[in-house]
Amino acid sequence: MTAAQGQVIGGRYRLERRLGAEAGGPQGELWQASDQLAADGPVALRRIGPEQDQARARELWSRLQGVLHPQVPRIGAVIEAEGQLWLVREWQAGRTYQQLLELRAERQLVFGAGEVLLLLRQLLPVLAALHSQDLLHGDLSPANLLRRDSDGLPVPLDFGLVRGTSAGPAGERLLGATPGYAPPELARGEPAQPWMDLHALGVVSLVLLSGDGPERLLDPATMQWRWPAALEHEPELLRHLQRLLSRHPEERFASAGQALVAFQSLAMPDSTGPVPRADRTVVLVPEAAPAAPPPPPPAPAAAEAAIAAAIAADVAADVAAAPRRPAVERAEPQLPLRTAAATTPPPPAAVAVSDSVRRRHEEREEEAEGGFWPVLIALVLSAVVGTAVGWWWLSRGKVAAPAPGGQSELPSSLPPSEVDQRQQLLNRLRAMQVDRAWFLSLVDAALLAQYPERNGRLPSDSLEDAPLRRVWNELAEEWLARVEQLPLPLRRRLGSFSASDWEQRQGGFVRQGLSPAVLRELVSASVQNLLPSRASQAMPPEPFRQIWYSAAEMMLENLRIEPIEAPSGNAQVLSAEVPASGARLFPIRLPAGHGLALGVSGSPLLQMSVYSAGGTLLEPRGPLRVVTLDAQKSSPVQLLLTNDGVAPALIRLSLRADPPAPTPPPAPDAPPAPEEPQDTPATPAPATPGATPAPAAPAAPAPATPPAPPAPPSN
């Protein structure tokens with residue numbers, strides 16, 4: 001039985017359209033359907049026919065229902081109808097990375113190193129969650145990764161095989177894996193393992209960086225990968241990608257969690273947007289074209305024939321035209337005729353025309369010229385003024401309200417492709433509810449910072465500024481990708497954040513025990529993804545400062561502060577949860593002069609750092625571990641835990657306040673030992689008359705020893 005559009009499955013889901021050209025295959029058909037019991041909301045249905053392994057699909061689908069991760073689509077029921085299995089899952093709105101790659105290929109763009117590194121950081125927690133439940137994805141490829149419209153996060157789709165790596169004595173093979181992305185070991189029949197997902201993720205990274213498919217990146221003779229040119233300036237990223245694709249098990253990452261820690265330790269590149277393909281060069285300032293030599297005069301015979309034909313056509317038009325026909329209608333086609341007639345002697349064919357016709361012809365030309373030049377000048381002035389106003393309106397000010405048809409008017413002087421690209425940008429800004437004036441000023445500032453030699457001059461509509469306009473468009477795409485990472489409430493506030501908002505927010509956390517230095521350090525770590533080149537604690541200038549404020553708000557929104565009192569000598573064991581993409585601060589109050597021993601255990605996606613009460617860094621940011629601190633002069637010690645994953649994580653905290661070591665009492669005075677004659681000489685030397693005795697060295701008081709006899713007085 002074949003499925004058809006409009007068919008209702010399980011009395012609830014109406015099939016709308018089949019996705020993809022595949023009519024069957026090992027994974028079955030994929031359909032978009034509408035849920036009639038949920039206001040016709042979209043869902044995805046996969047049909048598993050009797051020719052597929054339905055028992056295995058049912059078992060794996062039930063296991064997927066237990067995966068609760070915000071980037072894994074929720075799995076619905078299994079519906080059996082007329083020998084068919086229908087697997088229901090949540091619909092995800094967005095574009096696949098294959099579609100994004102194809103759209104960028106039309107503009108000779110590919111994914112930048114920053115975009116790929118961000119994708120790895122966002123996707124590896126999903127794989128870690130799957131692998132921790134003994135599951136695999138099995139078919140990672142750009143076509144099976146979707147960038148979700150709501151938050152810009154990557155979502156894996158169309159699991160090729162989700163299997164338990166420990167289920168079954170010999171494991172299972174992946175079915176339906178996309179060629180080129182699965183490792184060769186899988187083709188040889190080896191059982192599926194978690195590292196194969198990491199291998200596929202490495203291939204996806206190379207494809208996005210280069211724009212080429214796996215078949216063009218892998219040498220079939222040597223089985224060596226061709227590394228994209230974008231990695232020449234990112235050696236650490238290249239080294240980690242080599243580990244993902246290594247043929248040697250000892251060089252690979254042991255798990256997705258270990259790979260995530262490695263990629264999170266890399267500094268984010270300055271650019272997190274699309275970049276031009278490496279095999280394409282763009283000249284920013286085109287060289288002036290040499291003046292074209294004047295065209296050679298036409299051959300006499302050709303000129304004579306052309307003029308004779310033009311005049312003959314004019315005579316025929318005069319006979320057919322009405323007497324009141326305006327002469328200006330044919331004025332423009334006749335302009336070349338006067339130029340040729342003024343420089344070329346009349347041909348014999350022209351002499352054959354009557355003088356009256358020639359006179360009427362010349363009179364019309366004079367009338368046409370008299371009316372043509374004012375019109376031409378007016379058109380040129382209108383075009384120049386309209387172009388300047390249009391460009392200023394697009395780049396510097398607020399965009400006018402959209403036309404009744406829903407499209408904003410753009411300057412017609414731009415090429416159609418640029419007008420379409422700008423219109424798409426404005427539409428995306430409207431959909432994201434971002435202030436257009438602020439965003440356009442942001443892109444302007446980024447362009448001027450990249451080209452300071454322009455001294456604040458923005459590109460115009462002229463042809464020579466076309467390369468700069470392309471750079472402006474690329475910067476707009478890059479900043480749009482960053483702004484998309486912010487939640488909707490923060491996107492709405494971009495352009496309206498003020499310094500007083502930040503001071504009020506900061507004061508509230510300082511009153512809870514968070515020192516300003518730790519607060520700035522925490523925000524700076526959060527800003528790296530949005531402002532990678534401005535990761536210092538200093539706030540950038542406007543309009544970049546608005547993104548700094550929004551990143552701070554996003555981090556502090558997920559910050560939890562829980563003070564802890566640590567009594568002297570008593571150990572405590574606490575459990576807590578660190579929110580996804582958030583942080584948790586524990587101000588630990590110690591008795592005066594006490595040290596601290598603490599140990600933190602939990603997910604490898606968590607990081608910890610320790611600060612003194614004044615904000616001095618005592619333990620740098622790193623994995624969870626055991627830390628011992630000496631006696632602290634002030635309290636509280638600030639333990640900061642950050643969660644870079646996309647799911648909450650539990651931690652177990654053990655701590656003990658160690659009292660200062662007891663000060664030994666002062667030793668009692670003891671009599672000088674006999675072997676120390678320098679302190680108590682046995683026999684004093686006789687005084688010499690007339691000499692002043694030398695002063696005796698001070699000695700510790702010894703009650704049991706009688707005082708030495710006084711020295712005789714001097715003369």
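Me: Hi! What should I keep in mind about this model before we start?
Reply: Hello! It is predicted, so to speak of local features pLDDT must be at least 70, and side-chain atom pairs count only at pLDDT 80 or more, while totals for chains, interfaces and linings use all residues. Residues are numbered from 1 along each chain as its sequence is written, and side-chain values use heavy atoms, without hydrogens and water.

Me: Thanks. How many helices and strands are there?
Reply: The protein has 19 helices and 21 strands. Both are DSSP runs numbered from the N terminus, helices being H or I with at least four residues and strands E with at least two.

Me: And how much of the protein is buried?
Reply: Of the 715 residues, 43% are buried. Buried means under 20% relative accessible area, exposed is over 50%, and partly exposed is in between, with a 1.4 Å probe and protein chains only.

Me: What share of the contacts is between residues 24 or more positions apart?
Reply: Among contacts with a separation of 6 or more, 66% are of that kind. A contact is heavy atoms within 4.5 Å.

Me: Now the cores. Which residues touch the most other members of the largest nonpolar core?
Reply: Those are Leu124, Leu127, Leu208, Leu237, Leu241 and Phe263, in a core of 56 residues. A nonpolar core is a set of buried Ala, Val, Leu, Ile, Met, Phe, Trp, Tyr and Cys residues joined through side-chain atoms within 4.5 Å.

Me: Which helix gives the largest share of this core?
Reply: Helix 3, with twelve residues.

Me: What is Leu124 in contact with, leaving aside neighbours within four places in sequence?
Reply: Leu124 then contacts Leu198, Leu201, Ala256, Ala259, Leu260 and Phe263. Apart from this core there is another, of 49 residues, including Leu440, Val443, Leu531 and Phe544.

Me: Tell me about Leu440. Where is it found, and is it buried or exposed?
Reply: Leu440 is in helix 14, and Leu440 counts as buried because its relative accessibility is 0%. Its C-alpha atom is 9.8 Å from that of Trp472, 32 residues away along the chain.

Me: At what angle do helix 14 and helix 15 pack?
Reply: Helix 14 (residues 436-450) and helix 15 (residues 466-483) pack at about 120°, with axes 9 Å apart. That makes helix 14 oblique to helix 15. For the cut-offs, under 35 degrees is roughly parallel, over 145 roughly antiparallel, 65 to 115 roughly perpendicular, and the rest oblique. Axes are lines fitted to C-alpha atoms, for helices over the stretch in contact, and angles run from 0 to 180 degrees between N-to-C directions.

Me: Which residues meet there?
Reply: Among them are Leu440, Val443 and Leu447 in helix 14, and Leu468, Trp472 and Leu475 in helix 15. The contact residues divide into 15 nonpolar, one polar and one charged. Here Ala, Val, Leu, Ile, Met, Phe, Trp, Tyr, Cys and Pro are nonpolar, Asp, Glu, Lys and Arg charged, and the others, Gly among them, polar.

Me: Switching to the backbone, which peptide bond is cis with omega near 0°?
Reply: The one from Glu542 to Pro543. Pro543 is in the loop between helix 18 (516-527) and helix 19 (544-557). The bond from Ser635 to Pro636 is also cis, with omega near 10°.

Me: What about Ala39? What is its phi?
Reply: Ala39 has phi near 55°, which is positive in a residue other than glycine. Ala39 counts as exposed, at 77% relative accessibility.
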